[in-house]
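Dear colleague,

Please find below the structure that I am handing over to you. I would be grateful if you would look through it before reading the notes.

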Amino acid sequence: MEIPYIVDERPDTGLNNVKLGIWLFLASEVMLFGGLFSAYILLRINAVDWPLGADILSVPIGAFNTVVLISSSVTMVLCYAALKLDDLAGYKKYLGITIGLSLLFLAVKAFEYYEHIHLGEVPATSTFLAIYFTLTGLHGLHILGGVVVNGYFLGPGSAMWTTNKEQFINRIEAAGLYWHFVDLVWIFLFPVLYLL
Amino acid sequence: MSEDVRDHIKLYYKVAAALLVLTVVTVGVSYINFAVPLAIVAALVIAATKGSLVASYFMHLIEERKGIYAALLLTAFFFLVLIFIPILGHTNTFGEYKTLPNANAPVAAEVEH
């Protein structure tokens, strides 16, 4: 049986299932991170003393990672635009750069974690470090998931370009929406954890 | 069609430049000695501006269908509920000095109610 409305828009919603599905998934992600941000606020307003993020975390490293992730968001949207221009080589170039930048982000984050753990700064050390590791760890897992999905679309998944272009473009749009959301979360995580 | 896409690409570069400038502003503002509430407001306003740029242009929300707006409106409502729950539970204790129950904790001043 063929799944309906993968490419065509449903007449009642004006949306295809891919777009509606990814937005509903992102809505659930908003609630997941929202719950943790809520926990952060609860812990902070109940704390006797709350450290300044910049005293514990490295602002230049955090700012560098912010630039890396924003750049990866730009290359992700450019790879989608390349497909719209019927340019598969451009798509592969930009998606490859996106994956490279994602791995750079993860490497920098791993270096930060290593430094903290090396100094004995683990989640059990303080409430601040506990929520820092929880929020950035969950975000890091989302980056890792994005790398796996984008890697698939760069490799075997790109074969669909020759069989069903429209469906493939929809898939890349959905992957892009997820990636921009992960970038958006970091845009809030950086000031909340590193600067305030 | 392809002309539209090329126009969009130019826009993406402008948004990218704005995001990078705002990142520098975020870090710059953090070095100014604002009071904590003002620093929080400044950082969150800049972050919200950056977030809305990403959502509007990279995620194409600015030209999205009504069905998506409806789903996101509902999400935004429940997100705000989540965020305000811890704050609403403490409106009666704002400004009070708290101490940990240990010998080294400073003694809290008596507050007349």
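This is a predicted model: local features need pLDDT of at least 70, side-chain atom pairs count only at pLDDT 80 or more; totals for chains, interfaces and linings use all residues.

The largest nonpolar core holds 58 residues. Those that touch the most other members are A:C79, A:I172, A:Y178, A:F181, A:V182, A:V185 and A:W186. Both chains take part: α1 (17–46), α3 (59–84), α4 (88–118), α5 (127–154) and α7 (165–195) of chain A, as well as α1 (2–30) and α2 (36–58) of chain B, each supply at least two residues of this core. With 17 residues, α7(A) gives the most to the core. As for A:W186, leaving aside residues up to four places away in sequence, this residue touches A:T66, A:L69 and A:H139.

Turning to the contact between the chains, 39 residues come from chain A and 39 residues from chain B. On the side of chain A that touches chain B, α1, α3 and α7 of chain A each supply at least two residues, and α1(A) gives the most, with 13 residues. That side of chain A comprises 29 nonpolar, eight polar and two charged residues.

Finally, α3(A) and α4(A) have axes that come within 8 Å and cross at roughly 160°. Because angles over 145 degrees count as roughly antiparallel, α3(A) is roughly antiparallel to α4(A). The crossing in which α3(A) passes α4(A) is left-handed. Where α3(A) is in contact with α4(A), there are 17 nonpolar, seven polar and two charged residues.

With kind regards

Note on methods
Residues are numbered from 1 along each chain as its sequence is written. Chains are lettered from A and ligands numbered from 1 in the order in which they are written. A nonpolar core is a set of buried Ala, Val, Leu, Ile, Met, Phe, Trp, Tyr and Cys residues joined through C-beta atoms within 7 Å. A residue is buried if 20 or more other C-beta atoms lie within 10 Å of its own, exposed if 12 or fewer, and partly exposed in between; C-beta atoms are placed from the backbone. Helices (H or I, at least four residues) and strands (E, at least two) are DSSP runs, numbered from the N terminus. Two residues are in contact if their C-beta atoms, placed from the backbone, lie within 7 Å. Ala, Val, Leu, Ile, Met, Phe, Trp, Tyr, Cys and Pro count as nonpolar, Asp, Glu, Lys and Arg as charged, and the others, Gly among them, as polar. Axes are lines fitted to C-alpha atoms, for helices over the stretch in contact, and angles run from 0 to 180 degrees between N-to-C directions. Angles under 35 degrees count as roughly parallel, over 145 as roughly antiparallel, 65 to 115 as roughly perpendicular and the rest as oblique. A crossing is left-handed if the near helix is turned anticlockwise from the far one by less than a right angle, and right-handed if clockwise.
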